[in-house]
Amino acid sequence: MAEPLLEVKDLKVSFRTEDGVVRAVDGVSFAVGQGEVLGIVGESGSGKSVSMLSVLRLINDPNMQVEGEVIYKGRDLMKLHKDEMRQVRGAEIAMIFQDPMTSLNPVYKVGDQIIEAILIHQDIGKPGARRRAIELLHQVGIPSAEARVDDFPHQFSGGMRQRAMIAMALANNPDILIADEPTTALDVTIQAQIIELIDKLKDEFNSAIILITHDLGVVAEIANEIVVMYAGRVVERAPTRQLFYDPQHPYTWGLLGSIPRLDRPKLERLHSIEGTPPSLISLPEGCKFRPRCPHAFDKCTEEPELRNRVEEHAHLDRCWLTVPDKRRLREETISGEEAA
Amino acid sequence: MALFIVRRLIGLVAVLFAITVLVFLIFFATPGVDPTRSLAGRNPTPETIAAVRHQFGLDRSKPMQYLLMMKRLFVSRDLVSYGNQALLVVPAIASAAPVTFSLVFGAAVIWIVFSILTGLLAVILKGTIWDPLLMIFALIGISMPVFWLGEVMNLITQDRLHGTFLFSWVPPLGYVPLTQNPWQWFLHLVIPWFTLSVLYIGFYARVLRANLLDVENEDYVRTARAKGLPERQVLVKHMLRTSMITFVSLFGLDFGILVGGGALLTEVVFGLPGVGQLTYRSLVSLDLPVIMATVIYGAFFITIASALVDVLYARLDPRIRPA
């Protein structure tokens, strides 16, 4: 990777609650370069969304504490004045959210909400912004955009609303588009369309994309690099091909095994990862995946660091197993129920 | 829209019919209110009583009496008070209504402005000592009975501090019509306006704050912030706008109730000859024609206000607009 556009270094986000401190994100680092797609994968509660929201400083919780650096074009976003941060939001780093049904304000026309986004950062006047809004709606595939621009959100379907959200996010040609589970709330057929759209627009707008999802299948097609998160940590980070062909962490195997595949014999049931993610208030000693890991051994009571252990130097993981052991054991997990 | 108005008008007539029948029945079901007594003067002979009963139609059947009263109220408009036969009910209401309007409109402007400011300020200052402090003030405002507050205001502005520069401008109690002298109209109403609005400022500020805090966690507020919108605009354009829905529906009803005679206590305390005071007097003397007229007047405004709220509602929330 050349000079990264956005680099997150050792990000830690915690919340004070009545039950104790919740370490939602604990030492996460990743980077994304211009025009690249970074996939961030993990279960609900693994810290994916929280880390992205804190990159944009969109969490307004007095009980939250953030540490770490977010370097964007040489500036640490964590240290910017809130007015400077506002200039970054929407203009340079834009974000779309999980639920398009609730992410648009129900009382304003879709077009007006896009126009608003344009006028915050560009001085092109209302008629100009309106023309641009129509053009954007057209680009994201809204039919008869000239008419639909004056519709209210409730007159749009879920897929159309997510398209409108994407149009709004791209309104100021951002360098980075963060998509937080953009397809989770949508029908399966619409999901594929939205992902294709994001992939297409990435080239048209030359934006980098950070795609958060809990579905490895969603990012397989379009991501250059994938970060797998578990319990607020990165457990594996690798170029996409590498992650799919040589996954190193048992949690990643579990995720891969839970995707239905057409190129393997049909199983009775899909693999599922036993147990539930740990409580972020009282995390287990050592490797955080240990209680759910079928291959855990003595050494796992000590937490492994995230580092390179295979030939491909960009491939990092957090697992004590030797590489040959991993390669042997994982086949059982990914391809068959019998391993479990 | 035309259909909406027609539906509302039918509703209005139904409400008025129901409420007048109810008032009529309650009146005649109440023991010891035979109006003949007050109508016939002192120590009437049985002949006088019979004559009076006949003259006022009180010897007819109850449904007939009801119809007669409605006819004299709406058609011939010559219904007279049982207590004071020189008092024509319809003109009495017509002359009292502007006083009540003046009082309630002014108070409404004050309470809208101040409750929105207080609610917004409490949300902006959340996490500081000012937020709970403002809410305690609001609670105090709600807890003060308006008649008591009014008397205290009178005590201060008319008596104790009237000699000082602070309140030397306060005119004596009473009312001056807007058409006669706008400045005096204003001066006479300033203290009543504030007195009446205190309760509503407190109440509406608390409701608005609660709504704003609810809305703050909505996804679209996060979207607005993610666009890079300044915090002030997020608050006013995105949070306040959607929070106003509860505010407006409450306002419509409260406003209707007050215009319809609910500002009674304030009017009595400040000697304002409005509909509330008319209602108050008629209730004290159980004067059915006046009670009937003021009730109809009140019901009319409450119904109109709730219809207006529905129209405004649709303006505020496009989801409930008819397609």
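Predicted model: local features only at pLDDT ≥ 70, side-chain atom pairs only at ≥ 80, totals over all residues.
**A sheet, a contact and a bent helix**

Let me start in chain A, where strand β1 (residues 6-17) is joined by eight bridges to strand β4 (residues 64-72), the two running antiparallel; strands here are DSSP runs of E with at least two residues, helices are runs of H or I with at least four, and both are numbered from the N terminus. Lys9(A), for instance, has Glu69(A) in β4(A) as its bridge partner. Residues are numbered from 1 along each chain as its sequence is written, and chains are lettered from A and ligands numbered from 1 in the order in which they are written.

The open sheet of chain A has four strands in the order β2-β1-β4-β5, with antiparallel pairing, where two strands pair if DSSP finds at least two bridges between them. Because β2 (20-32) and β5 (75-76) of chain A each have a single partner strand, these edge strands are left with one side lacking a neighbour in the sheet.

Turning to the contact between the chains, chain B gives 19 residues and chain A gives 24 residues, two residues being in contact if their C-beta atoms, placed from the backbone, lie within 7 Å. On the side of chain B that touches chain A, α9 (219-226) and α10 (231-262) of chain B each supply at least two residues, and α9(B) gives the most, with six residues.

Finally, α5(B) bends by about 25° at Ala96(B), with a proline, Pro98(B), following within four residues; the bend is the angle between axes fitted to the seven residues ending at a residue and the seven starting there.
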